[in-house]
Amino acid sequence: MLTKSQLMSWRQCPKRLWLETHGDPAPPTDSSKLQRGETVGRMARVVFGDGDAVTIDRRSAGRRSALDQTATEMASLGRTLFEAAFGDDDLAAYADVVRPAADGWELLEVKDAGSVKTHHLDDVAIQAAAAQRSGFAPKRICITHVDTDWTYPGGDDYRGLFAIAEVTDDVGALVASVGDWVAEAKATIALPTAPARPTGPHCDTPYPCAFYEACAAQDPTATHPIQWLPGALSKAAKELVEAGAREMEDLPDEVLNETQSRVKAQTLAGVARFDEAEAAADVADWTAPLHFLDFETANPVVPLWAGTRPYAQIPFQFSLHLLEADGTLAHTECLLTDGNDPSRRFAEALIAACRSEGAVVVYNAGFERGRIKDLAQRYEALAPQLEAIAARLVDLQPVAKARYYHPDQRGSWSIKKVLPCLVPELRYDLLDGVKEGGMAIEAYLKLIHPNCSPERKATLEAQLRRYCHLDTLAMVALWARFAANRAVLSAALNAAPRP
Ligand code: SF4
C-alpha cells in the first residue's frame, strides 16, 4: 500500500521513492519547514474547528480503526473531521479537513503557502482519489492556503488566517490519473535497483530531497559545473543542458548573459578579478560618517503580534558599525527579546543609531529598504525619519558584483561568499551557534518562547549579537578593501572574533 507522501515522492522523482523505500534512512529534511507545516495544521484545527469537530486518531487507534471511524462519521455527514482516513489496500491518505457542505461535503487540504502551487493540485488529487476509493467522493475540493493580505487583529483571533481556493474543476483529470500513478509507483518500488536519475532542478522542486548529497556523488563529475553560473539560464542554454552539457565550456557565450560569461571566463582561467580603481571610485562619494547596517528579521507564518501579516518580515535585531570621518570605528546594536512586538522599539532605536547625516551602508539594499518602508507604513509618526534613513542607503553588493569576482564564489555574490575571498581573516565559521540568517530566525523564535530557560535565552542572545556584529564588521572590511583604506581594514580585523 502506498501513502500520499510516497506518491508525492514518486511524482517528484521515482528514484526518491525507491530510495525512501529501500535505501538508508533519509537524513531529516529542513526541520523549520516541518515545524511551520505543523503550526499551520494546528491553526487550521483552531480556525475550522467548532465545538462539534472531531479529530480522527490513527496514531493510537491504527489505520483500520481510523477508516471505520471516518466511515461512520461520513455516513451521517454531521460534523467537521480532521485527519479523516481514506483509501483502500493500494492507497492511504489522511485529509486535513473534511466538512459538510450544502449538497455533500468538501475536502480542504491545508498548505503552508501564500497561494496555490502546482504540486498542491497533485496532493489534493491524491486525497480526493483516496476518498473516492472509500466511497465518499467529495463535492468540492479546495486548497486552503495562508492569506498574506490578512492582518492579525490580536486577541488570538485567527479566523482570517486562511483563504480557500476551490480547485474541483482543476483537479478532475489528475484525480482520474491517480490509479496510473499508484501502478507506476508500485512498479518503481519493485525494481531491484534504484532507477537512474542525475540530479537537477527537480531535486529541490517542490521539496528539497534529503538524498541530494548521495545522488550528487554519483553524478558524472564536472570540473566547472554549469550550476555555478549565476541567475536563470536562457532557453538555448537549457536546451544544451538537456542534451547533456555539464561543463561551463559546453555553453557558448552566445547563450549566456554578460554576468554568466564573465563568471565562465574567470572560472576557466582560475583567477580572481578585482577592478580596484573602479571600486574605489564607486564608493568615493559615500558621505561620512558611514553607518554600516544589517537587520535580522523573523517571518512567522502565523502572526505573533497584532497589526502584522502572515510571513511579514519583522525586524528584531540590528547591528551598526559607525565609521567617523576621522577613521574612528564604533559599534552599536539593538536586540529585542522580551517576546512583545519589537517593531516600534526597533524603529526608534534605528532612528537614534542612524542619526541624521552620513551614508547608511547595507549589503543588498532591497531588503533593508523594504523593512524600513514597512515600519514607516506602520508608524506614521516615525515615517519622516524612517524615510530619511531609507533615502541615505547605499549598497555594497552592486559594487562587489561589478568590480570583484573570485572563482571560489561559485556564481554567488552573497556576503558569505565574497568575504572569504576578499577578506579571509574574517570568518563566520569561527562563530559559535548562529552562523547564518536562517539560524538567527530559529534562535530568535526559540528564545522568545515562554518555555525558554533564562540560561538558554542568554546563550542564544549572545550568539545572535556575535553573528550580527560580524555581519556589519564584514561590511566595514569589504568597504575598506574597495576604498583601499588600510587603516579601517586593520581596525575591522582587530575587532574580529578570535578562534
Ligand atoms: S536527490 Fe534528486 S535525483 Fe536523487 S533521489 Fe532526490 S530528487 Fe531524485
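What follows is a working chat about a predicted model of one chain.

Me: What is in the chain in terms of helices and strands?
Reply: The predicted model has 19 helices and 14 strands.

Me: And what box do the C-alpha atoms fill?
Reply: Along the principal axes, the box is roughly 80 × 55 × 40 Å.

Me: What percentage of the residues is buried?
Reply: Of the 499 residues in the chain, 34% are buried.

Me: How is the chain divided into domains?
Reply: Domain 1 covers 2–190, domain 2 covers 220–268 and domain 3 covers 278–494.

Me: What separates the centres of domain 1 and domain 3?
Reply: The distance between those centres is 40 Å, taken over C-alpha atoms.

Me: How many residues of domain 1 and domain 3 are in contact?
Reply: On the domain 1 side there are 17 residues, in contact with 11 residues of domain 3. Helix α3 (residues 31–48) provides the largest share of the domain 1 side, five residues. By class, that side of domain 1 has eight nonpolar, six polar and three charged residues.

Me: What does Trp 479 contact, leaving aside its neighbours within four places in sequence?
Reply: Trp 479 is in contact with Val 283, Val 361 and Leu 396. Val 361 is also among the residues that touch the most other members of the core.

Me: What about the second core?
Reply: The second core is separate and has 52 residues, including Cys 13, Leu 81, Ala 131 and Val 182.

Me: Cys 13, noted. Which residues come nearest to the ligand?
Reply: Cys 13 again, along with Arg 16, Cys 203, Cys 209 and Cys 215, out of 13 residues around the ligand.

Me: Which helices supply at least two residues of that shell?
Reply: α2 (14–22) and α8 (212–218) do. Of the elements in the shell, α2 gives the most, with three residues.

Me: What is the shell around the ligand by class?
Reply: Seven residues are nonpolar, three are polar and three are charged.

Me: Back to α18. Is Glu 461 buried, exposed or partly exposed?
Reply: Glu 461, which is in helix α18, is partly exposed, because 16 other C-beta atoms lie within 10 Å and a buried residue would need 20 or more.

Me: What is Glu 461 in contact with, apart from its neighbours within four places in sequence?
Reply: Its contacts are Leu 335, Thr 337 and Leu 447. As for Gln 132, 329 residues apart from Glu 461 along the chain, the two C-alpha atoms are separated by 52 Å.

Me: What about positive phi, say at Glu 83?
Reply: Glu 83 is not a glycine, yet its phi is positive, about 60 degrees. Glu 83 lies in strand β3 (residues 81–87) and counts as partly exposed because it has 19 other C-beta atoms within 10 Å.

Me: And what is phi at Ala 484?
Reply: Phi of Ala 484 is near 55 degrees, a positive value. Ala 484 is in the loop between α18 and α19 (486–494). With 13 C-beta neighbours inside 10 Å, Ala 484 is partly exposed.

Me: What should helix α5 span?
Reply: α5 (residues 63–76) has 14 residues, so at 1.5 Å a residue the helix should span 20 Å. Its end C-alpha atoms are 20 Å apart, which agrees.

Notes. Residues numbered from 1 in each chain as written. Predicted model: local features only at pLDDT ≥ 70, side-chain atom pairs only at ≥ 80, totals over all residues. Core = buried A, V, L, I, M, F, W, Y, C linked by C-beta atoms within 7 Å. Buried ≥ 20, exposed ≤ 12 C-beta atoms within 10 Å, placed from the backbone. Contact = placed C-beta atoms within 7 Å. Domains from an automatic or database assignment. Helix = DSSP H or I, 4+ residues; strand = E, 2+ residues; numbered from the N terminus. Nonpolar A, V, L, I, M, F, W, Y, C, P; charged D, E, K, R; others polar. Near = placed C-beta within 6 Å. Expected span 1.5 Å × (residues − 1).
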